Amino acid sequence: MKLSTIYTRTGDEGLTGLVGGKRVKKTNARIEAYGTVDELSANLGLLASWMKDGHDKDLIIRIQRNLFTICSSLATEPSSKYAEYFLIPEEETHLLEQEIDMINGSLPELNHMILSGGTHQAAICHVCRTVCRRAERRIFFLHETSPVQTELLHFVNRLSDYLFVLARKLNFAEGIREKEARRPSPLSTK
């Protein structure tokens with residue numbers, strides 16, 4: 001697909017097009033869902049820009065590609081003839097689960113809630129995790145009125161878990177100790 005014109009002026013009145021050409025309000029639940037997934041992908045791009053080349057960065061880029069497919073799926077009504085083109089295979093969710101298990105098995109046991117933060121990469125990863133959770137809420141809101149692919153729901157749910165353990169891994173690799181979320185005593189600033 002060649003994009004020769006970036007602006008079309010067709011959205012100036014608050015409408016946008018879905019895959020297949022149907023026009024809907026920009027406040028539509030479908031638009032909100034795929035817009036939030038797009039926001040997640042942009043944040044993952046920021047995270048990848050701070051990461052060293054290797055397995056973790058490659059997986060983040062793979063996830064971005066999956067999110068592009070998810071955006072396309074969410075931008076397509078289930079009744080559209082194009083809906084079958086934008087499916088997320090269950091294997092992608094299994095891959096995330098394998099990564100979660102591998103990373104979690106290599107980290108110290110977690111016995112308390114932790115604060116988001118640490119290294120720059122880990123902090124961005126936590127931002128990605130929270131945007132992912134918001135995207136999941138938006139997708140489930142859409143799902144209440146218009147069915148969404150089950151594998152897509154599973155993938156987004158697992159993705160936030162993966163981002164949590166990846167943030168822990170990134171901190172652990174740099175020797176950054178996680179901060180407990182418990183409230184400090186009145187005289188403590190630690």
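Author: Let us start with Ser73, whose place is in helix 2, where helices are DSSP runs of H or I with at least four residues, strands are runs of E with at least two, and both are numbered from the N terminus. This is a predicted model, in which local features need pLDDT of at least 70 and side-chain atom pairs count only at pLDDT 80 or more, while totals for chains, interfaces and linings use all residues. Residues are numbered from 1 along each chain as its sequence is written, and side-chain values use heavy atoms, with hydrogens and water left out.

Reader: Is Ser73 buried or exposed?

Author: Buried means under 20% relative accessible area, exposed means over 50%, and partly exposed lies in between, with a 1.4 Å probe and protein chains only. Ser73 has a relative accessible area of 15% and is therefore buried. For contrast in position, take Thr150, which lies in helix 5 and, at 43% relative accessibility, counts as partly exposed. The C-alpha atoms of Thr150 and Ile88 are 9.1 Å apart in space, although 62 residues separate Thr150 from Ile88 in sequence.

Reader: Which residues does Ser73 touch, not counting those up to four places away in sequence?

Author: Contact means heavy atoms within 4.5 Å, and by that criterion, with residues up to four places away set aside, Ser73 touches Arg30, Phe86, Gln149 and Leu152.

Reader: How many residues does the largest nonpolar core have, and which elements give two or more residues to it?

Author: In soluble globular proteins, nonpolar side chains tend to be buried together. A nonpolar core is a set of buried Ala, Val, Leu, Ile, Met, Phe, Trp, Tyr and Cys residues joined through side-chain atoms within 4.5 Å. The largest one here has 43 residues, and those with the most contacts inside it include Leu47, Ile60, Leu159 and Leu163. Two or more residues come from each of helix 1 (29-50), helix 2 (55-74), helix 3 (90-105), helix 4 (120-143) and helix 5 (150-173), and helix 5 gives the most, with 11 residues. Beyond its neighbours within four places in sequence, Leu163 is in contact with Leu40, Leu44, Ile60, Cys125, Cys128, Arg129 and Cys132.

Reader: How do the axes of helix 2 and helix 5 cross?

Author: Axes are lines fitted to C-alpha atoms, for helices over the stretch in contact, and angles run from 0 to 180 degrees between N-to-C directions. The axes of helix 2 and helix 5 come within 12 Å and cross at roughly 155°. Angles under 35 degrees count as roughly parallel, over 145 as roughly antiparallel, 65 to 115 as roughly perpendicular and the rest as oblique, and helix 2 and helix 5 are therefore roughly antiparallel to each other. Among the residues making the contact are Ile60, Ile63 and Ser73 of helix 2 and Leu152, Leu159 and Leu163 of helix 5.

Reader: At what angle do helix 1 and helix 5 pack, and which residues make the contact?

Author: Helix 1 and helix 5 pack at about 20°, with their axes 14 Å apart, which makes helix 1 roughly parallel to helix 5. Leu40, Leu44 and Leu47 of helix 1 meet Leu159, Leu163, Leu166 and Leu170 of helix 5.
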